[in-house]
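Let's take a walk through a protein together, starting with the whole chain and ending up inside it. Keep the structure open while you read.

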Amino acid sequence: MKLILQTLGFPWHIVALEEVFGLSPSVLRCSAQEPVGAVGTYKVAVDSFLQQQHTLGTERAGGSPSPTQGEERLSPPGTQESQDPAGPPPAAQTEALSRLFGSVKTLTAKEEFLHTLRTHLILHVARTHGYSKVMTGDSCTRLAIKLMTSLALGRGAFLAWDTGFSDERHGDVVVVRPMRDHTLKEVAFYNRLFAVPSVFTPAIDTKAPEKASVHRLMEGFLLRLQAQFPSTVSTVYRTSEKLVKAPRDGCAAGPRCLLYSATAFGAQTSGFSQTQPPTPRAGAGAPTEVGGAQDRCQGAGPCGREDSRARVIEQLCYGCRANMKDVPSLDLLPPYILAEAQLRSQRASQEIQEYLVENGAEETHTAES
């Protein structure tokens, strides 16, 4: 992969999946403001690239320079240097990652969790280097499979973002899919005819039977239909184009899924309970719902672990909750996820306490009047 990237002449970064254990909890938060100068820098880069392409075409018409010279012209100074990490990730992080995926019971949950961690890592790299756009190579076939898989996994509310041309849920970083109008067969023929170099590496579902996961099952189902009815993929894909996104007003307020791309999950039961504080029980000495839970369960014992798990589960959307049922212990999750869950829980508890204090003061004032 590094050899191919070096010949392209564009900036490149190689990041190990183990680095998710060193991420900051801020990667899970939606940033409404784009990086300073990101829009201007992006426009300048595009204009410069188009100008260089025009200049390169003019010179080739006259003198036909070598491909190496063309690559050097297309790449800014210093971008062809190796930008991979200094060395392999620490052994402790590799072992922690192996324990995490080894504990997950089903291949479906493993694939979903792997996608989530990769998304967080790509988002972190984009923000670190000031990129406002991230392009992915999702084809029409892959997006059709993803649409059906997401429906089966209970993520139907997010299809417009998961399969659309652009995904603006992160705020400062927009994910775009420029290859969504081309099928896998078209991409394969293009790569073959124009000798585009490719790298094949085994994935987590390599050589897995068709019924090993929901992803593999949907893939086999759609590809078999496509072989018999060539319009299957395009029909599913055109259906996804009719989906309308909710109006975007920056980073919308309200509860958001802890894992799934900072997506608001609005009318979920737990989300409703977070936005609507509990009503105090009758009686002067009766504890509140939050306080009672803290009185009943404290410490690091089994009850404390259950409370920690409930704190994470209640901040997930329906699809992520279903996947978390296949994760026996949440203690193996990367620290940034647990830290953000604790921070959100503390913030919600503080808001509830403030709400109760304000209501108590209002009731006292009314009684005195």
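First, some ground rules. This is a predicted model, so local features need pLDDT of at least 70 and side-chain atom pairs count only at pLDDT 80 or more, while totals for chains, interfaces and linings use all residues. Residues are numbered from 1 along each chain as its sequence is written, and side-chain values use heavy atoms, with hydrogens and water left out.

Now zoom out. The protein chain has 15 helices and three strands; these are DSSP runs numbered from the N terminus, with helices being H or I of at least four residues and strands E of at least two. Of its 369 residues, 34% are buried, where buried means under 20% relative accessible area, with a 1.4 Å probe and protein chains only. Take the contacts (heavy atoms within 4.5 Å) with a separation of 6 or more: 73% of them are between residues 24 or more positions apart.

Time to look inside. How many cavities of 30 Å³ or more does a search of the whole structure find? The search finds two. A cavity here is a set of points, on a 1 Å grid over the protein atoms alone, where a 1.4 Å probe fits but cannot get out; its lining residues have an atom within 4 Å of a point. The largest cavity holds about 100 Å³ of space, a volume being the space filled by probe spheres set on the points, which are joined across faces, edges and corners.

Which element gives the most to the lining of the largest cavity? That's α5, with four residues. Both α5 (107-128) and α14 (318-324) supply at least two residues each. The lining also draws at least three residues from each of domain 1 (106-246) and domain 2 (309-353), with bounds that come from an automatic or database domain assignment.

Among the lining residues are Thr116 and Cys320. They sit 204 residues apart along the chain, and their C-alpha atoms are separated by 10.0 Å. Thr116 belongs to helix α5. Why does Thr116 count as buried? Because its relative accessibility is 6%.

One last stop: Ser240, in helix α10 (residues 232-241). Ser240 counts as buried because its relative accessibility is 7%. Leaving out residues up to four places away in sequence, Ser240 touches Leu147, Thr163 and Arg180.

Key
1 Å grid on protein atoms, 1.4 Å probe; cavity = no way out; pocket = protein on both sides within 12 Å on 5 of 7 lines; lining within 4 Å. Buried < 20%, exposed > 50% of the residue type's maximum accessible area, 1.4 Å probe, protein only.
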